[in-house]
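Thanks for taking a look at this one with me. Here are a few points to read alongside the sequence and the structure.

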Amino acid sequence: MKHVEKISITNARKLGENVEIDFGAGATIILASNGTGKTTIFEAIELALTGQIKRLENSQDAIIRNGLEKMSARLDFSDGKYCRSIYRSGGECEQSGNYDDLFAIENRSSIPYLYRLTHFLEQRSNEWFIDKNDKDAGEFLSQIPLGKELQNILSKRQGLLTAIGKTETTALNSLEEAQKELSEFKELISKRDSFATAATLTPLKEIVANILLISNLIGFEEYKDSLNLVRVISFFEKTKTSFKQEKDNKIDLRIRLIGLKERTRLFFLNQIMITDKQIYIKKYTKKIVEISSFIEETRDNLQTTKDALTVLQNEVRKLNSINSMFEEIEQQESDVKVKKTELDQKEKELIELKGLYESTVKFVKENERIQDQHEFIQNSINEKMNLLKQAESKRNLYEQWNNLSDAINNILQNKIPPLEKKRNDYHKSISQINNEVSEENNKYLMKKSNLESLNEASGAIQEAVSIIKRNLADDEGNCPVCQATYDPKELVGRIGSSLNRLNPAISNAIEEEKEAFIVLEEAQRKLSMENQKLQETLLELSSENDRVEENQKNILQRIQPQFPGLLNPEEAHLYIEEQVRQTTQNIRDLEIRKSQLEPYEDSAKIDNAKLKRNEHERSINEITNIILRLQYDLSALNVKIKNTGESLANERRDAIKNSISSKTLREKELIRIIDENDAVLLKNIAELKQYEDSCLLENESISKVKGIQDAIIAEWEQAGLEGQPNQEFLELKLEILKTSIEGLDKANISLEKIEQELATWRTAEKIEEINNEIKNQIRDLTENAYITSLKSAVIQKDSILQNVIEKRKAIGFFLDNVKLESEKIHEELVAINEPWKGLLKRIVINPMIANAPLLSNKIIRNKLTAKTSALIHNKHINIADIASEAQITDLQLTLLLAMANRYEWTPWKALLLDDPIQHHDLVHASSVFDVLRDYITEYDFQVLMSTHDSTQAKFFHRKLENEGIPSKIYQLVERKGGVRAERIN
């Protein structure tokens with residue numbers, strides 16, 4: 001079983017660099033206030049495991065500490081394995097570690113879902129399984145490895161059926177095309193046979209003559225082309241079109257003229273109507289003038305009365321204003337008495353508050369003075385402590401300087417001198433070997449030159465002796481070279497012996513040349529080896545010099561600047577010791593001074609005094625403002641009373657009231673007169689409008705009738721008729737058209753006969769075209785053989801279609817079996833309800849929640865769906881709709897616990913719980929702690945739990961410690977470099 005030993009996080013949100021938490025067996029509790037970084041730790045773990053944070057899908061950069069470019073998270077396991085993620089701004093995540101050992105599943109995309117289902121309880125409930133809708137909950141469960149392959153097959157069911165359906169459609173279309181080709185060919189044969197009937201052809205000349213008779217009747221053009229069937233048919237079609245157009249035009253004109261008969265009668269009646277309406281308009285116009293004159297006179301009288309009423313109302317308003325001023329003075333005098341009483345009371349309160357404020361200020365100032373002295377000395381101590389830390393930190397630099405100096409001396413004294421000696425020795429050796437190589441090379445060149453000379457001389461001598469031997473007479477005894485006399489046979493023998501003696505000398509020269517070359521090569525090989533050794537020695541010497549230079553550079557650039565004015569490690573050591581001694585003495589002196597200071601009050605008392613001081617100051621300001629406002633109000637009221645009294649000095653209140661009463665009665669009388677005149681005026685205006693509307697209607701009616709008359713005249717002119725519409729002229733025109741149409745009907749019979757004769761000609765040509773088309777299709781085959789080949793193609797494609805249909809049936813049978821197997825897996829998923837209920841009953845008191853049906857699932861459109869429900873009024877209700885926040889948390893937690901113990905998709909058994917008791921009291925939280933304790937002891941789970949409640953954290957810690965279970969508490973604390981995790985137990 002794998003356990004995480006350590007969590008390391010760098011620069012995740014508020015967390016600083018290298019924040020480490022020892023995990024280990026048992027429970028690890030993260031204690032932190034909200035917003036400090038509890039959730040950040042869990043999200044960093046998720047990033048290390050999966051390479052992503054599902055909650056931050058669209059804003060992964062939010063995990064990086066503000067102002068930085070990257071963060072990292074690493075988990076180290078008990079067996080030496082690890083997993084690590086480095087996330088850079090912009091979305092690049094670099095993962096390394098033993099992921100294959102940790103995740104024994106093929107599809108890594110499921111890990112974020114499985115992680116939340118069996119390991120991780122988020123603080124935010126919007127990602128919880130309990131709160132998801134049916135579709136999303138099913139998607140969550142489908143990530144469990146149990147039966148996932150079957151689910152994948154089912155999800156592709158529609159795709160498989162669509163693909164085989166398309167293949168079947170393609171085969172069916174191919175079969176239908178073959179059947180269509182066979183049917184069309186048979187149809188072509190049948191069509192040819194139907195055309196092959198005996199028919200007599202009328203001569204084209206006779207047909208053209210008959211067409212010309214009709215053409216002349218309608219005034220069409222003459223036929224001027226040769227007697228060609230295509231041209232005759234073209235002329236016939238043109239004549240037929242012109243004939244039809246001529247006939248249609250005349251029929252259309254006749255229909256229009258028949259329609260004009262009624263319109264002509266309407267034209268006559270409309271003329272009479274227009275005359276009558278013009279008489280009515282004259283009568284209405286006279287009445288309108290009379291009523292308008294009366295209305296104008298009434299309006300003038302009404303305006304005069306209204307003007308009098310306005311003058312009267314202004315007088316009444318002025319009198320009411322004076323009366324209101326008398327009432328206002330009475331109210332203001334009453335207000336002055338009330339405000340004087342309130343002012344006296346507030347002045348007494350102000351005197352009391354000022355006394356309390358001054359005593360509180362004196363207490364705060366005295367304590368702040370003493371506190372400032374303490375803080376000043378403490379700050380000085382802190383500064384000296386920082387100096388002491390800096391001096392201590394320089395000890396490491398001193399040791400580095402000392403080590404680097406020793407290393408430089410070691411290289412200069414022990415390594416470089418031997419290497420320089422070796423270099424010099426190699427230089428001498430190479431010089432000697434160079435001399436040897438030069439000497440041996442000269443020897444080799446001499447031997448080579450000697451061999452070349454022997455070869456050249458031997459060639460010349462052999463050629464000369466051979467020429468002498470060839471040209472020597474058989475009985476010649478005198479030697480042509482040395483002039484000695486020999487027996488002819490002896491002479492020949494001597495010449496041959498001389499030729500043979502040349503070859504051994506050349507062979508010796510060759511051997512000597514080879515030996516010289518071997519000696520030369522050996523000398524050159526020795527020279528090469530010595531050169532190689534020299535290069536190696538030079539490289540080693542250069543490397544040692546580089547090390548010296550690098551160490552000197554480190555001392556000069558990195559270490560010595562930290563010790564200005566010091567030349568060696570010994571001086572640096574003395575400087576550090578002196579600085580530590582002096583700083584330590586300064587700290588002791590400051591602590592003695594601090595102990596001699598007088599003490600100051602508890603900070604809570606000082607803070608309470610400051611609050612009271614601020615409260616007194618605020619109250620003094622408020623009362624002062626109230627006093628100033630009251631004084632201002634009294635002054636303003638006195639001024640108003642004085643000013644108003646002066647303006648009313650010449651007025652008598654009883655005379656004002658009598659005048660208001662009499663003028664009010666006169667006002668009511670004038671309003672009555674105005675109302676009566678308004679009623680008369682409205683009645684006459686209504687009567688005037690009635691006459692005006694009647695006049696307008698008559699004019700509109702005349703306009704409409706005139707529009708109809710104009711339309712009738714336009715139709716008359718469009719029909720080609722002259723003058724005004726006239727019934728007798730129209731009847732005559734209709735009779736002429738009737739006679740002309742009857743003549744065209746007789747000519748139409750001849751036209752139909754000509755069309756039949758031309759159709760007979762077309763049929764004869766059509767048979768010839770069909771025969772040519774059949775020949776083009778069958779080519780070298782007979783018609784029967786071609787039909788046989790088409791039938792064979794139909795049979796073959798029908799066989800392919802049947803094969804595809806069989807495959808479709810087989811796939812359907814396979815998918816049905818997969819669905820049956822999938823339903824068995826659904827039963828396996830529902831089996832989680834029993835352990836889930838068992839856990840719920842240990843935590844949740846509400847029986848409606850603890851005894852709910854919980855998880856159910858089914859397949860809809862080849863997709864798994866799931867829901868969690870409770871029974872209310874015998875109906876399944878979404879459990880999240882009736883549960884409290886604490887109960888929803890318990891539902892998600894117990895589901896996670898049940899899933900974690902049942903479905904093991906990774907050897908790492910851990911529960912990562914982000915503030916699971918945030919809505920619980922201590923009694924309720926204790927039930928949760930008991931369940932977590934059992935998971936640690938019975939199932940060997942690790943628990944990492946965060947909380948903001950220190951009481952609950954310590955309670956859980958003590959509960960585990962009392963039972964001998966490892967437990968530790970880390971507190972997240974904000975430091976200068978970021979939030980740190982500090983163990984507090």
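1. Leaving aside residues up to four places away in sequence, Lys959 touches Ser926, Phe929 and Asp930. Contact here means heavy atoms within 4.5 Å. This is a predicted model, in which local features need pLDDT of at least 70, side-chain atom pairs count only at pLDDT 80 or more, and totals for chains, interfaces and linings use all residues. Residues are numbered from 1 along each chain as its sequence is written, and side-chain values use heavy atoms, with hydrogens and water left out.

2. Where does Lys959 sit? You will find Lys959 in helix α19, residues 950-962. Helices are DSSP runs of H or I with at least four residues, strands are runs of E with at least two, and both are numbered from the N terminus.

3. Lys959 is buried, at a relative accessible area of 16%; buried means under 20% with a 1.4 Å probe, counting protein chains only. Its side chain makes a polar contact with the side chain of Asp930 at 2.9 Å. Such a contact is a pair of N or O atoms within 3.5 Å; within protein, one must be able to donate a hydrogen and the other to accept it, and residues adjacent in sequence count only if both atoms are side-chain atoms.

4. Now for helix α3, residues 111-118: seven of its eight residues are buried. Among them are Ile111, Leu114 and Tyr115.

5. Stepping back, the protein has 19 helices and 14 strands. Of its 985 residues, 36% count as buried.

How values were computed: Buried < 20%, exposed > 50% of the residue type's maximum accessible area, 1.4 Å probe, protein only.
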